[in-house]
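Please open the model in your viewer, with the sequence panel beside it, and follow the stops below in order.

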Amino acid sequence: MRLPILALLLSSFCLPAAFAATPPNVIVIMADDLGYGDVSCYGAKALQTPNIDQLAAEGLRFTSGYCSASTCTPTRFSFLTGTYAFRQKGTGVAPPNGPALIQPGTTTIASLMKQAGYATAVVGKWHLGLGNPKPDWNGELKPGPLEIGFDHCHLLPTTNDRVPQVYVSDHRVLNLDPKDPLWVGDKPPYKDYPTGITQRSTLRMDWTHGHNGTIHNGIGRIGFYTGGMAARFRDEDLADEWVKRSNTWIEAHKDGPFFLFFAGHDIHVPRMPHERFQGKTTLGFRGDAIVEFDWCVGELMKTLDRLKLAENTLIVLCSDNGPVLDDGYKDGAVEKLGSHQPAGPYSGGKYSVLEGGTRTPFITRWKGRVQPGVSEEVVCTIDLASSLAALTGVALPETACRDSFNVLPALLGESGAKGRDHLLQQDNNGASFGLRMGDWKLVRSKAKGKSQAIVSVKPHQYPAGLHALYFLPDDPGEENDLSAKNPEKTQELIAKLDALIAADGSR
């Protein structure tokens, strides 16, 4: 049952009569490992992303749009719960057999939208664990998305460089033959089990580090599994699957209101875009995967246009973290980079609390409501929970969404609207942090240079000390540590960071 949110919308935002019929549908499109400089409306020259560019031209393009963490699991946790992931143990990159990280009863962006009368779905990469204490791959996979506010899910359960390569639809592995049960583990199941190490010469995409467990589709993975042959998919078909399932669901719920979390896998490794996209760029499979993701965005936009929903749908496009080149496979991303700068003018990328790790493309479009333009306001994926609660007139419980701020006026481009006045950025497990306050940025680095991944052909030179201070307008690449010259500002931000970490929440 829909709640009477119209009066709230009209009083808060003075919506014209055209929006009076129904509350807006909401689609959050989250890319995977897409950098600030990876799309053409943010300055990319080596490839073109016409659909994302159209979204930006018809909406609001943020130059200070962030995710909350520099790896996927903690960002997705924070996006859904509105709470920084470091506040809960075990929210680093989830293993294949990891339990559900968000337990039933937790307030999430999906449960808030459901409370407001929305149909809710997530399609694409999940990577937040399933089941308790671990997934029951041959039975019901619960708790999961359906226990925290989603009506429907069609998922890649972990991430595609981790096993298993199957779809989870609602509570079960899709097309699983009970006569061929699925087994998933962290050790080879038997002696002489073929792996990316023992059968390396057979791989069609070689690994550089880590991805040498089970071989599927000629590509080594993290972890091991057997069985489930009828349920397995081809890497090349993932984007088509997400688009097909999303469009079918949108069509079924076109009378709205609906909330769709479209969690694409592009451009995460292994990068194996569909054959029709292979070779479309000079950047190798990484560039081709960006073009494939742009196609996904375009297909969703076409569906909205066909169903005449574009003017009653708020789209938010974002990424779960910044870019990475070599993340475990030899796919040409480093060798074919050329002059392309995946993080744009920023240093770092995935795994890093430098700006390149969490400042990503961030676009909002609501035709006729959001006036086209560019915004410098600071907004973050963690704020979508509180902001959409405000949009739909749902009251947040005092103890829920503890770090999510209502920045809806900024997201909608309201005149004079302000975004965040501070933002905490974390790495995978919350060992290192960044804190942006206004134009200043404090970096606390406890894990320097430990990753095997290559995020940039020009490695960042970290200062020797634990803390560094940067003035972003003059130094977007965070190259010039000003902490020694500005001890008072440094101590001010250290105290603020310590307080944020120690607190139960910041909202």
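On a 1 Å grid over the protein atoms alone, a cavity is a set of points where a 1.4 Å probe fits but cannot get out, whereas a pocket is an open set with protein on both sides within 12 Å along at least five of seven lines, and lining residues have an atom within 4 Å of a point. Grid points are joined across faces, edges and corners, and a volume is the space filled by probe spheres set on the points. With these terms, a search of the whole structure finds 5 cavities of 30 Å³ or more.

The model is predicted, so that local features need pLDDT of at least 70 and side-chain atom pairs count only at pLDDT 80 or more, while totals for chains, interfaces and linings use all residues. Residues are numbered from 1 along each chain as its sequence is written, and side-chain values use heavy atoms, with hydrogens and water left out.

**Stop 1: the largest cavity**

Select Asp235, His265, Asp266, Met272 and Glu292, which are the closest to the centre of the largest cavity among the 14 residues that line it. This cavity has a volume of about 110 Å³, and its lining divides into 7 nonpolar, 3 polar and 4 charged residues. Here Ala, Val, Leu, Ile, Met, Phe, Trp, Tyr, Cys and Pro count as nonpolar, Asp, Glu, Lys and Arg as charged, and the others, Gly among them, as polar. Helix 5 and helix 6 each supply at least two residues of this lining, and the largest share, 3 residues, comes from helix 5. Helices are DSSP runs (H or I, at least four residues), numbered from the N terminus.

**Stop 2: helix 5 against helix 6**

Next select residues 238-252, which form helix 5, together with residues 284-306, which form helix 6; the two pack at an angle of about 15°, with their axes 10 Å apart. Axes are lines fitted to C-alpha atoms, for helices over the stretch in contact, and angles run from 0 to 180 degrees between N-to-C directions. Helix 5 and helix 6 are therefore roughly parallel to each other, a term for angles under 35 degrees, just as over 145 is roughly antiparallel, 65 to 115 roughly perpendicular and the rest oblique. On the helix 5 side, look for residues including Ala239, Val243 and Ile250, which belong to the set that meets residues of helix 6, among them Trp295, Leu300 and Arg306; contact means heavy atoms within 4.5 Å. By class, this contact has 6 nonpolar, 3 polar and 5 charged residues.

**Stop 3: helix 2 against helix 6**

The contact is made by Pro50, Asn51, Ile52, Gln54 and Leu55 of helix 2 with Phe293, Asp294, Trp295, Val297, Gly298 and Met301 of helix 6, and its residues divide into 7 nonpolar, 3 polar and 1 charged.

**Stop 4: the largest pocket**

Finally, select Gly348, Val455, Ser456, Pro459 and His460, which are the closest to the centre of the largest pocket among its 43 lining residues. The largest pocket has a volume of about 970 Å³, and its lining has 18 nonpolar, 19 polar and 6 charged residues.
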